[in-house]
Amino acid sequence: MSPTVAAPRALPGALDARRRTLLSVLLLCLVAPAQAETDPVARGRYLIQVSGCNDCHTAGWMESAGQVAEGQWLTGSPLGWRGPWGTTYASNLRLVAQNLGERQWLEHARREWRPPMPWFNLRRMDDGDLLAIYRYIRHLGPAGSMVPAFVPPGQAPEKPYAQFPGAN
């Protein structure tokens, strides 16, 4: 006959505390997506994250695996993107959005942009999503400074820049 090991007895209320904690976590998991659907600022934050806007428009985002304080999000980047089109820089969306009304933002977002901006993806977004992004950016408020100006093809930009194939 093998010995039986008695299971440790839970302290009174410990099981209830664990259940309350688990229930709280589950409720948060359900509330966060629902809030993003009803609160335009939360929806905009979510869209910024899943659409990859921070990848280019937030300095240090990719290098830090997204570990950039939210206060620095979307303030542009000094990293140039050089290709046959010249050299472009991801704009400071926080300063850009401060100067645009909602209709102007929709027109701005749907313009054709130089690479590597995926403007064709923005054109597929509905007005509600683009306006949620706008409201989130406006919620963050102005911060940072303007990024370097576009450098035409054939002119050497200042470093740092990423070189695309086919550029001189």
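This is a predicted model: local features need pLDDT of at least 70, side-chain atom pairs count only at pLDDT 80 or more; totals for chains, interfaces and linings use all residues.

Colleague: How much space lies in the largest pocket?

Modeller: A pocket is an open set of points on a 1 Å grid over the protein atoms alone, where a 1.4 Å probe fits, with protein on both sides within 12 Å along at least five of seven lines. Its volume is the space filled by probe spheres set on the points, which are joined across faces, edges and corners. Here the largest pocket holds about 890 Å³.

Colleague: Which residues lie nearest the centre of the largest pocket?

Modeller: Lining residues have an atom within 4 Å of a point. There are 38, and H57, A90, S91, W113 and M117 lie nearest the centre. The lining divides into 25 nonpolar, 9 polar and 4 charged residues. Ala, Val, Leu, Ile, Met, Phe, Trp, Tyr, Cys and Pro count as nonpolar, Asp, Glu, Lys and Arg as charged, and the others, Gly among them, as polar.

Colleague: Which helix gives the largest share of the lining?

Modeller: Helices are DSSP runs of H or I, at least four residues, and strands are E runs of at least two, numbered from the N terminus. Helix 3 gives the largest share, 4 residues.

Colleague: At what angle do helix 5 and helix 7 pack?

Modeller: Two packed helices are described by the angle between their axes and the distance between the axes. Axes are lines fitted to C-alpha atoms over the stretch in contact, and angles run from 0 to 180 degrees between N-to-C directions. Helix 5 and helix 7 pack at about 110°, with axes 10 Å apart. They are therefore roughly perpendicular (65 to 115 degrees).

Colleague: How does helix 2 cross helix 7?

Modeller: Their axes come within 7 Å and cross at roughly 100°. Contact means heavy atoms within 4.5 Å. Among the residues making this contact are P40 and V41 of helix 2 and D129 and A132 of helix 7.

Colleague: Where is S145?

Modeller: S145 sits in the loop between helix 7 and strand 3 (161-163). Leaving aside neighbours within four places in sequence, S145 contacts T75, N92 and L95. The C-alpha atoms of S145 and S91 are separated by 9.5 Å.

Notes:
Residues are numbered from 1 along each chain as its sequence is written. Side-chain values use heavy atoms; hydrogens and water are left out. Angles under 35 degrees count as roughly parallel, over 145 as roughly antiparallel, 65 to 115 as roughly perpendicular and the rest as oblique.
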